[in-house]
Each structure stands twice: as structure tokens, then as C-alpha cells.
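Hi everyone, thanks for coming. Please have a look at the structure on the screen, and I'll walk you through it.

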Amino acid sequence: MFQNHRKLIRYIIVGVLVVGIVSSVITYFVSTRTVAITSKNSTSFSLSEQDKKTSRQMAATKTSVRIKKGKTYILSYVGASGYANGEMTITPTTETITINPDYSTEKLNKMLDADITAINTTITASGTSIDTLYTIQRGELSHYGEWYFTTLMYNGSAEDASSDTLVVGLQKKGGVWTAILTPNIIFTTSTYPTVSRDFIEAANEYQSNHVSPREESYYQ
Amino acid sequence: MVQRILDTSGEAMQYYKKQLRVLVGAVLLLVVLLTALGIYNSIMHSGKIGVEIQAVPGDAQISLNGKQVSSGKIYLKAGTYTFTATKQGFDKSTADLDVSSSHHYVGLLLNPVSDEAKKWATDNQARYEKVGSQMADVRATVVEKENPLLAKLPYIDVMGPFSIDYTFSSEGSSTPYIIIKNSTSAGRVRALQWIRNQGVDLADLTIQFNDFDNPTNQGDY
């Protein structure tokens, strides 16, 4: 009688454990999904759920990760030598993600040092009176050293009617720098229909981040 | 006598029951018909968008991509359509419409050419104005729905200083362009930042700076 009870209790415990494990496995697979990852020029990355501190470290060789459905994740990657570190967002609809870091700031700066004269010559030729009316600021290379954005600071009085700081966008094609976006306040796809949207957005972002002190926004 | 009264009331009861049965039957039939009509309509209009077409004069012949249609409401799948209205004595009126979930009205105003048509147009000016006004309202609603920024304009900031407004590139166009005016160079930077703060990507806009003359002569805003 007592033996039978012990056996029964054992069966119940095993049954509960089996049901628990099976339901946990099912819940895990139902509540998570896989995101494919392609990685290039990075050594490792970590994944953390948005607004949470804990993160999972992974080698760059990993080709997929399993994440909770409906959650947003931040993927932070470490660039290989000469490549930048960065972050990418995995939204609830992201199915694949490609880690392809831009060159590091250090490498881009070295490339800029080598090209700055050619760049400034191209900028000066992209409009009239640029060399007299404006001071060409040292800008930033991006997109593997093929994109360059900078500002032209007006030399005259801030009270002048058109004393705006202008932005200019250059692209390197076949080793030659070309002014794709000639000096202007802002750029739109309707005004520059042949220029890629990414390039225009990058130029506008540069404008947003490099407002001259005399035009500093009181909204900040 | 009592038997007769009972017989009569029994017959009356039978009669009322029959009437009630007929009434219930009719109501049920009506419900079934309405349901069937609703199902038919929803199947026929499934995935389609209702488009109201109005022409002035009202008896103009209307065609949709070359096929004749009548004025009033029709249902179309999303896509681009060309509506044309013709009537003797009037110029042809054509409208291209990108039918999407937010477009639902086509007004076709025919310009009078012959003397008779001109007289008709003068006598019926109110009809032109009514449809024209409805077209403008619909266009404004659609444009503001597609460009939430426009619903917030005009915006004036005297401290900026700047003011932002919008207009359309041409009569009948649904493509707005933003006008930044009454501004200094600092005001223009603030105006752009104000637009960004509304969650708008500046790359999507067409912007005209009324007070800015690009000294490098390269901008063509």
C-alpha cells in the first residue's frame, strides 16, 4: 500500500516535470523568433532588449539569434581593426540584419588629411565667391571615405540678409571628388531628384548637427 | 348564441395568427434579403475604394480610362485612373487620380466654349462654385492627411523670427511646397528645426526660402 503511494507520487512528480519542461519548450518557441545576422568587418556583437541593462555577448561568426517576439533590441557591434563600433536597432519586424561597419573615425581622419586639398578645391569651384564670402570648415568623411559633408561659414556680418551657414555634400567617384549637393541651407529629394535619398538625408543630418553658434537653436 | 361568439372569436384568432405568420415571414425575408445584399456589396466592394464623381454640367459624358461611367459613387481598386468628362460646347475636362485609401472625390468642371455653353455656365455659376469648393476641401483634407505638418500651418514665431506656410505648385496640384518667410538666417535654422520637431523628414519637402538669396548662386529653391 505504502509502496504503491510512493510509486504514485514519483509518477506524479515525473509527470509534472515532463509537462513543465514540454510547456516551457513550447512557450519558448512560440514566444521567440529568429533573426538572421550577416556580419562583415566586426569582431563581436552584443544584444540587449531595449531599456534593459543585461546583454548577450556573441561572436561575429554567429549567423542567427533568437529574440522575444514583439520586442525591440539593440545590437552593439565591435568593428574589426580600422572599422568603427556601432549600434543597430532590431525592431519587431526585422527579419535579417547586416553588420557592416563604416571605417573608424581615426581611419577616416587619415583619409581626409590626404584628400582635404582636393576636397576644398572642389568646394570652391562648386559656386561663386565661395572663397571670399565663406570659410570652408573641416568636415567629415563617411560611407567608407566616399562621402564628405561640411559647412561653409559666412565671413560677413550675422546681420547680413543671407548670412546663413551653408552645407555642401561631395562624393568620391573613380578617385575624383564631385560636389553632388552644391552649397545650400537644406536639401530635398524634389530639388535634387537624381541624388540618392540616403545622401540627402546624411547632408541634412550634418546640417542639423553642425549649426553655427550664432544660429544655435533656442529649442535645444 | 354563445357558440356563435366562440366560433367567431376562434376564426378571428386564426386570422390574426395567419397575419402574424405572414408579417414574421416578411420581416425574416427582408432580413435575409438585406443580409444577402450586404454580403453581395461587401464581396463586390472588397478591396475597393469608393470614389464620388461629379461633373458640371451634370449631364456631361464621363469616362474612366476610356470606359463610360455614370456620375455618383463608383468603387475602384487602388491605382491610377484618368477621368474625362465631355459635352458638346464645352472643353474636355480631365483629371488623373491616384486612388488610395484617402482619395475619394473627383470633380470635373467643363469650361464653356460655345455661346450657348457660356450662357449656361453663367446661369449655373453656383454649381461650378459648389463642386470647385468641394474639390478644394477634399484636396486640403487629403493633403493634410498625407502631410500632417500642413495641418499645423501657418506657424509664426516672432522670436525666431520666422513664419512657415504652404501653397501648391499649381492649380489642382496636390503637391504642396513649404514657404519659410519673414526670417533672418538664425530664424531659418530655427524654422527648419521646428519642422524637424514635428517629426517631418526635411528631405521629403519642397522648401522655398523667401528671404534667402543664395550668395553662391547654386540653389534653385
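Let me begin with a term: two strands pair if DSSP finds at least two bridges between them. Helices (H or I, at least four residues) and strands (E, at least two) are themselves DSSP runs, numbered from the N terminus. With that in hand, look at chain A, where strand S5 (residues 73-79) and S6(A) run antiparallel and are joined by five bridges. In this pair, A:Tyr73 stands opposite A:Ile90 of S6(A).

A word on what you are looking at. This is a predicted model, in which local features need pLDDT of at least 70 and side-chain atom pairs count only at pLDDT 80 or more, while totals for chains, interfaces and linings use all residues. Residues are numbered from 1 along each chain as its sequence is written, and chains are lettered from A and ligands numbered from 1 in the order in which they are written.

How confident is the predictor in chain A? The mean pLDDT (the predictor's confidence in each residue, from 0 to 100) is 89 for chain A, and 95% of its residues reach 70 or more. Over residues 215-220 of chain A, though, pLDDT stays under 50.

Back to the strands. Chain A has four helices and twelve strands. S5 and S6 of chain A belong to an open sheet of four strands, in the order S3-S2-S5-S6, with antiparallel pairing. Which strands are at the edges? They are S3 (55-59) and S6 (86-90) of chain A, each pairing on one side only. From one strand to the next, the twist averages 25°; axes here are lines fitted to C-alpha atoms, for helices over the stretch in contact, and angles run from 0 to 180 degrees between N-to-C directions.

Follow the chain on from S6(A) and you come to A:Thr93, in the loop between S6 and strand S7 (96-99) of chain A. Is A:Thr93 buried or exposed? A residue is buried if 20 or more other C-beta atoms (placed from the backbone) lie within 10 Å of its own, exposed if 12 or fewer, and partly exposed in between. A:Thr93 counts as exposed because it has 7 C-beta neighbours inside 10 Å. Of the 220 residues of chain A, 25% count as buried.

Chain B has a hairpin to show you. Its strands S5 (residues 79-86) and S6 (residues 93-99) pair in the antiparallel sense over seven bridges, with B:Gly79 opposite B:Val99. Six residues lie between the two strands, and B:Gly89 in the turn has a positive phi of about 95°.

Now, where do the chains meet? Counting two residues as in contact if their C-beta atoms, placed from the backbone, lie within 7 Å, the contact takes 27 residues from chain B and 32 residues from chain A. On the chain B side, H4(B) gives the largest share, nine residues.

Last, the inside. A nonpolar core is a set of buried Ala, Val, Leu, Ile, Met, Phe, Trp, Tyr and Cys residues joined through C-beta atoms within 7 Å. The largest one has 44 residues, and A:Phe187 and B:Ala191 are among those with the most contacts inside it. H4(B) gives the largest share of this core, six residues. Leaving aside neighbours within four places in sequence, A:Phe187 has contacts including A:Leu181, A:Tyr192 and B:Ala203.
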